[in-house]
Amino acid sequence: MTVADFAENVYNNDYYEYRNRKDKQMLKQVSIYTENKKGGLQALTEILQRENINILGSVTNDSAEYGIIRMVVSDPEKTVEVFTKEGYICKLTNVIGVEVEDKVGNLNSLLLMLKESNINVNYIYLSFNRDSGKPIMVFHTEDIFEVEECLRLKGFVTI
């Protein structure tokens with residue numbers, strides 16, 4: 001299986017349905033598909049450093065041969081452009097960032113509210129708000145616009 005086959009398989013199995021809404025600026029995540037080999041992640045961070053792009057949050061998922069690195073960065077469109085020129089397969093995805101207080105139980109409260117609202121979280125990872133210093137839980141779900149509105153109505157701060 002090639003990295004292109006792997007990326008296509010992941011893309012086709014992704015539950016996310018793209019919606020092109022011009023009235024709302026969503027938090028963008030870059031997903032990079034890469035071989036799982038020594039120095040692979042360092043090669044990506046070297047490119048980001050060279051291009052002066054800051055990683056604000058990330059998570060890696062791997063298999064024996066390939067991996068997906070998902071990250072929120074300071075310039076997502078430029079990141080996709082640069083990685084594509086370097087031969088990587090990548091895509092942009094809308095995600096939700098929820099700012100929470102840094103105290104015991106806040107992640108559980110967020111996840112409980114999502115569960116009670118019948119919302120599935122496909123994956124989640126941590127970032128933080130550089131201005132407030134508060135943690136930001138970055139996550140992906142099926143109907144991102146409705147979920148974000150649900151979160152706001154329940155008093156959560158979305159980024």
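**Notes on a predicted model: pockets, cores and salt bridges**

1. The largest pocket has a lining of 14 residues, and those nearest its centre are Leu-27, Leu-56, Phe-128, Ile-136 and Ile-159. This is a predicted model, and every point below should be read with that in mind. The space in the largest pocket comes to about 230 Å³. Sorted by class, its lining holds nine nonpolar, two polar and three charged residues. Four strands each give at least two residues to this lining: strand 1 (27-35), strand 3 (66-73), strand 5 (121-128) and strand 6 (135-141).

2. The second largest pocket has a volume of about 160 Å³. Its lining includes Thr-34, Glu-35, Asn-36 and Lys-37, along with Gly-40 and Leu-41. Thr-60, Asn-61 and Asp-62 also belong to the lining, as do Gly-67, Ile-68 and Ile-69. Two or more of the lining residues come from each of strand 1, helix 2 (40-50), strand 2 (55-62) and strand 3. By class, there are three nonpolar, six polar and three charged residues around the second largest pocket.

3. For the overall layout, the protein has five helices and seven strands. Read from the N terminus, the order of elements is α-β-α-β-β-α-β-α-β-β-α-β. The protein has 159 residues, and 42% of them count as buried. Among contacts with a separation of 6 or more, 72% are between residues 24 or more positions apart.

4. Which residues of the largest nonpolar core touch the most other members? They are Ile-96, Val-98, Leu-110, Leu-114, Phe-139, Val-147 and Leu-151, out of 16 residues in that core. At least two residues of this core come from each of strand 4 (89-99), helix 4 (106-116), strand 6 and helix 5 (144-153). Helix 5 gives the largest share, five residues. Leaving aside residues up to four places away in sequence, Leu-110 touches Val-98, Met-137, Leu-151 and Phe-156. Another core, of 14 residues, lies apart from the largest one, and its members include Ile-53, Ile-69, Phe-83 and Cys-90.

5. Helix 3 covers residues 76-85, and its buried residues are Pro-76, Thr-79, Val-80, Val-82 and Phe-83. After helix 3 comes Gly-87, with a positive phi near 95 degrees.6. A search of the whole structure gives six salt bridges. One of these joins the side chains of Glu-51 and Arg-50, with 3.3 Å from N to O. Glu-51 counts as partly exposed, because its relative accessibility is 22%. Arg-50 has 51% relative accessibility and therefore counts as exposed.

6. The side chain of Arg-50 also meets that of Glu-86 in a salt bridge, at 3.0 Å from N to O. What does this pair tie together? Arg-50 is in helix 2 and Glu-86 is in the loop between helix 3 and strand 4, so the pair links parts that are 36 residues apart in sequence. Glu-86 counts as partly exposed, with a relative accessibility of 41%.

7. Glu-51 likewise has a salt bridge with Lys-78, where the N to O value is 3.7 Å. Glu-51 lies in the loop between helix 2 and strand 2, while Lys-78 lies in helix 3, so this pair ties together parts that are 27 residues apart in sequence. Lys-78 has a relative accessibility of 29% and counts as partly exposed. Through shared partners, the salt bridges join Arg-50, Glu-51, Lys-78 and Glu-86 into one network.

How values were computed: Residues are numbered from 1 along each chain as its sequence is written. This is a predicted model: local features need pLDDT of at least 70, side-chain atom pairs count only at pLDDT 80 or more; totals for chains, interfaces and linings use all residues. Side-chain values use heavy atoms; hydrogens and water are left out. On a 1 Å grid over the protein atoms alone, a cavity is a set of points where a 1.4 Å probe fits but cannot get out, and a pocket is an open set with protein on both sides within 12 Å along at least five of seven lines; lining residues have an atom within 4 Å of a point. Grid points are joined across faces, edges and corners, and a volume is the space filled by probe spheres set on the points. Ala, Val, Leu, Ile, Met, Phe, Trp, Tyr, Cys and Pro count as nonpolar, Asp, Glu, Lys and Arg as charged, and the others, Gly among them, as polar. A nonpolar core is a set of buried Ala, Val, Leu, Ile, Met, Phe, Trp, Tyr and Cys residues joined through side-chain atoms within 4.5 Å. Buried means under 20% relative accessible area, exposed over 50%, partly exposed in between (1.4 Å probe, protein chains only). Contact means heavy atoms within 4.5 Å. A salt bridge is a side-chain nitrogen of Lys or Arg within 4 Å of a carboxyl oxygen of Asp or Glu.
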